[in-house]
Amino acid sequence: MMQNMRGSHYDIRLNAPYGPEDGVLHSIEKHLTDKVVPYVMIEIRNDLLATETGIADISALLCRSIADAGTSLDLPLSLDNPEVPNAP
């Protein structure tokens, strides 16, 4: 994901200002199952989502990056996956 995002005009950083070593994995550790599941933590500054244009721009960046990451990991891109509990 970082490769796609770094090509944008946003200030994209890995594990900044904090990372897993700072104890920020509470939700991931709480909800992670016994299976090995890829995950990503994304933080977006609120001011970047203050306008409809900002929301659309960040949404497009995330959609492209997540789709490319899923493809590179050979993951299904549909939520219609029987392996995922409570999938629609």
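Ser-65 sits in helix H3; helices here are DSSP runs of H or I with at least four residues, numbered from the N terminus. With 0% relative accessibility, Ser-65 counts as buried, where buried means under 20% relative accessible area, exposed over 50%, and partly exposed in between (1.4 Å probe, protein chains only). Leaving aside residues up to four places away in sequence, Ser-65 touches Met-1, Asn-4 and Met-5, a contact being heavy atoms within 4.5 Å.

A word on the ground rules: this is a predicted model, so local features need pLDDT of at least 70 and side-chain atom pairs count only at pLDDT 80 or more, while totals for chains, interfaces and linings use all residues. Numbering runs from 1 along each chain as its sequence is written, and side-chain values use heavy atoms, with hydrogens and water left out.

Now zoom out to the whole of H3, which covers residues 52-72. Besides Ser-65, its buried residues are Gly-54, Ile-58, Leu-61, Leu-62, Ala-69 and Gly-70. They cover an arc of only 155 degrees around the axis, so they end up on the same side of H3; the arc is that of the directions from the helix axis to the C-beta atoms. What do the buried residues of H3 pack against? Their partner is helix H1 (2-6).

Finally, look at the loop between helix H2 (26-31) and H3, where Met-41 lies. Met-41 counts as partly exposed, at 41% relative accessibility.

Definitions and conventions. Helix = DSSP H or I, 4+ residues; strand = E, 2+ residues; numbered from the N terminus. Expected span 1.5 Å × (residues − 1).
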